[in-house]
Amino acid sequence: MIGDLASLYQAIELKQEIPPLLIGERANPNGSRKFRDLLLADDFDGCLQVGLEQESRGAQVIDLCVAYAGRDEKSDLPRLVEKFAGSLKAGLMIDSTDPDCIEASLKLYPGRCVINSINLEDGGANLDRICRLARRYGAAVVALTIDESGMAMTAADKVELVERIYHLAVDQYGLRPQDLLFDPLTFTIGSGDTTLFDAGIQTLEAIREIKRRWPDVATLLGVSNISFGLQPAVRKIINSVFLHEAVEAGLDAAIVDAAKVMPLAQISAEDRNVCLDLIYDRERSEEDTPLMRLMAYFSDHQGESEEEAEHGSVPAEEEIRRKLVRGDRDGLEDLLTILLQRYPALEIVNRLLVPAMREVGDLFGRGELLLPFVLQSAEVMKRSVAFLEEFMEQDAESGKQTRILLATVQGDVHDIGKNLVDIILTNNGYKVYNIGIKVPAETIIAKAREHEVDVIGLSGLLVKSAIIMQQSMPQYQEAGLTMPILLGGAALTRSFVAESCVPGYTSPVVYCADAFAGLKAIREYEQGCLASTRTAAAVPVRNRPGPKEAIDSSHDVPSVPFWGRRVVRDIDPEQLFSYLNRQALIRGRWGYRRAKLSKEEYARLLSETVDPLYARLKQRLLDEHLLQPQVVYGYFPCRSEADSLLVNADSELFRFDFPRQVLAPNLCIADYFKGGESAQDLVGFFVVTIGEQLAELTAELFRDDQYHDYLMVHGLGVELTDALAEYWHQQMRAEMGFPDPQGQGELEYVTQEYRGSRYGFGYPACPDLEAHRPLFAMLRPEEIGVSLTETLEMVPEMSTSAIVAHHPQAKYFAI
Amino acid sequence: MRYICTCCGYIYDPEKGDPLNEIAAGTPFEDLPDAWVCPLCYAEQDSFDPLD
């Protein structure tokens, strides 16, 4: 019984009388959604069920993998190994790269199992530990043909790696050849990648050569990789044909979905020949590749096989709808190729893609689809249209497309909102002229005429931008424009648009809360029913809260370690992440809101999607040095005079004029500083930036139509800028003699559980950017690369400024 | 149920209400007056997301 495996109940031979040994692949969170969901729900009985099901469908060994982001493999793996060992007659394959997890599992397993896997990717450190464990506990080992330079592609390289690993495992660690399963790996021949045309041939050749040179070892293959990228129904046939060829070449064991292995007899000779042409790369020419023939063949023969109907394959028309709604780009081009044989390209866009995008919009509107997923759908749309474009007649549609001009208004550099509108409109089949940021009204008028647009969309984040929109309405009117104008932006409200913008322009002026409100407005325009925004019947007066008690100006003035300004450059970028407002990032900037999800569903969204995304982006920003946090800050003597603050810097007097609340309690920033001729107080200021690199990356992502990552990186950048401000404000509090207590965290920052406050210029307590003039004269932030535009906005965008008040009563308020 | 402001992270807890805006303790989020906005960042109510 040398070389055999054993479960608690039976012995299993690696080399079956009728090969291959079938190893079930579904107990793996990275390969099976069902298993992943069960694992994440801590449903270990459900996980076992996945193993039992595979066994009942013919799997003789079950591969068990539990490595998944957010899960603790060290506790999950032994727990499930124990469960599987007690119930499964099939053998067990422990799929892990962590020697500690493997050891803990080996200790618990009552039979003889297989470890999956070793390789030489790290030069042999892991191999060393795992081989020792295999020898000590008596286990077989899977070895992958991977070394420091990656996965072996050619038969010669694969065999050479087998030789190296064989030598190590047998001669150095004393494993028996019978204990080794070599997996020579295979790559997809279904993607059209010209470097992989012979991937199947190389793998089959490697299997033959391994069996010839080392007849005692076993060979193993994850068969389904061969067809990655193709439609499920087609994959099943190719995989089965390829498995048969591999067994002919000497394959002993296959990792498969046991339920999807078709007996060769069930595959027609014609089907089989088309697959064999692809596997052996037969009769290939530039314009007629085996892959094209296979896709054409199966698109004509869809539904012929009974097997397909049984497993619920869907028509291509339905599949493309699902792909768009799910934002799934896997096999997209193949699917479109199939559809092109049925419809002209333009019809695919208008009859299939656009309605699917409408569905996406409706789902978003109902709160059933979150923004990041909408962007993934838009990416699939963009890719589809780009693929179909070459099959369309030139300008077939441009004549009747609705045209929209988009701009961020004068003095405003923020373009994320406008670009989201661009993404949504463009990918709903509209012609968008996106003319950028800081666009003066004159240019908007000229461009609207030049492109003969049907609708204008204006955007802006700042309070000032809302005012600019209001002021430019009469200008558009005088210029004789008649197209509707859509307005969007953070500082706008429905009632502001209705009361302050609508009266200035005769044609409709419409408030749009988000990109989909913009899309809705364009549709209404097309239907002839677009109307100006009106105020709701009774508009309640908005509360503008703030501390209500009288301000006590007998406060003590802290002492500071220096007077004047200082520049700080040696800030560890990683530190910023611990000051991040994660809720604002994830739910706000990124749009991963809980909305209609249950608490459990939302927790799963976070652990499966959001946390790994965050980890990936954080790593990228740090690895690629995309953050250059820099600070210029200072402490200055000052006193207040009515609504102004008079600040001494370099023996010059700088004056900051602050607005005061019109309604009670009539707050003004100046009130938090001692006033009068002889009064002496202290004020802090800072300007911080994370530099320009991240902005360059976001611009690149937008250009490349990577909408999802564009929103994610931009949002992370904005919040990291805020994190840097939070961090530096904390440093300044410590320097002024009131450091935060231990354990202060995100929530305490949100609610300002510290002494004093900081007020950003351009924000609610001081919406006017005029204060930037004296601030820049005093701090000279140009030294850290931050400058002002003609409208007093800071560039780069990911910079922020603030006045720091130490008064114990100073907290956020709004004008 | 508590609600969180997706703009700044402020948490509206019905058990505490919002004394600054004269919202009595025990007022569910759904019953807040239309004019109520985030007391910290002034975001409107549709910027709030269920917390637990």
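Which strand of chain A pairs with β18(A) in the antiparallel sense over nine bridges? Strand β21 (residues 681-689) does. The tour will come back to that pair.

**Before you start**

This is a predicted model: local features need pLDDT of at least 70 and side-chain atom pairs count only at pLDDT 80 or more, while totals for chains, interfaces and linings use all residues. Residues are numbered from 1 along each chain as its sequence is written, chains are lettered from A and ligands numbered from 1 in the order in which they are written, and side-chain values use heavy atoms, with hydrogens and water left out.

**Stop 1: all of chain A**

Select chain A and show the cartoon. Chain A has 27 helices and 25 strands. Both are DSSP runs, numbered from the N terminus: helices are H or I with at least four residues, strands are E with at least two.

Now colour by burial. Of the 815 residues in chain A, 55% are buried. Buried means under 20% relative accessible area, exposed means over 50%, and partly exposed lies in between, with a 1.4 Å probe and protein chains only.

Switch to the surface. Chain A exposes about 34600 Å², and carbon and sulfur atoms supply 48% of it. The areas come from the Shrake-Rupley method with a 1.4 Å probe; for residues, only the protein chains shown count as cover.

Draw the contacts next (heavy atoms within 4.5 Å). Among those in chain A between residues at least 6 apart in sequence, 75% join residues at least 24 apart.

**Stop 2: strand β18(A)**

Select residues 630-641 of chain A. This is strand β18, and ten of its twelve residues are buried. Strands count as paired if DSSP finds at least two bridges between them.

Look at its partners in turn:

- β17 (residues 564-568) pairs with β18(A) in the antiparallel sense over five bridges. Here V567(A) stands opposite V632(A).
- β21 (residues 681-689) is the nine-bridge antiparallel partner from the opening. Pick Y633(A) to find F686(A) opposite.
- β19 (residues 644-649) runs antiparallel to β18(A), joined by four bridges. S640(A) faces L645(A) across this pair.

Stay at the turn between β18(A) and β19(A). The hairpin has two residues between the strands, and A642(A) takes a positive phi near 55 degrees.

While side chains are on display, keep one rule in mind. In a regular strand, side chains alternate between the two faces of the sheet.

**Stop 3: helix α24(A)**

Select residues 693-703 of chain A. The buried residues of α24 are L694(A), L697(A), T698(A), L701(A) and F702(A). Look down the axis: these buried residues fall within an arc of 135 degrees, so they line one face of the helix. The arc is that of the directions from the helix axis to the C-beta atoms.

What do the buried residues of α24(A) pack against? Show α16 (416-426), β13 (431-434), α23 (599-623) and α25 (707-735) of chain A. Then step past the helix to D705(A), whose phi is positive, near 60 degrees.

**Stop 4: F516(A)**

F516(A) lies in helix α20 (residues 515-527) of chain A. Is F516(A) buried or exposed? At 12% relative accessibility, it counts as buried. Leaving out residues up to four places away in sequence, F516(A) touches G361(A), F364(A), V374(A) and I424(A). I424(A) is 92 residues from F516(A) along the chain, yet their C-alpha atoms are separated by 7.4 Å.

**Stop 5: R71(A)**

Select R71(A), in the loop between β4 (61-64) and α3 (73-87) of chain A. This arginine is buried, with a relative accessible area of 19%. Its side chain reaches the backbone oxygen of L39(A) at 3.1 Å. A polar contact of 2.8 Å joins the side chains of R71(A) and D42(A). A polar contact is a pair of N or O atoms within 3.5 Å; within protein, one must be able to donate a hydrogen and the other to accept it, and residues adjacent in sequence count only if both atoms are side-chain atoms. Other residues that R71(A) touches include F44(A), V66(A) and D76(A).

**Stop 6: the sheet in chain B**

Move to chain B. Three strands form an open antiparallel sheet in the order β2-β1-β3. β2 (11-12) and β3 (48-50) of chain B stand at the edges, each with a single partner strand, so one side of each is left without a neighbour in the sheet. β1 (residues 3-5) and β3(B) pair over three bridges. C5(B) stands opposite F48(B).

**Last stop: cysteines**

How many disulfides does a search of the whole structure find? Zero, over all chains; the cut-off is a pair of cysteine sulfur atoms within 2.5 Å. Select C101(A), buried at 1% relative accessibility, and then C131(A), buried at 0%.
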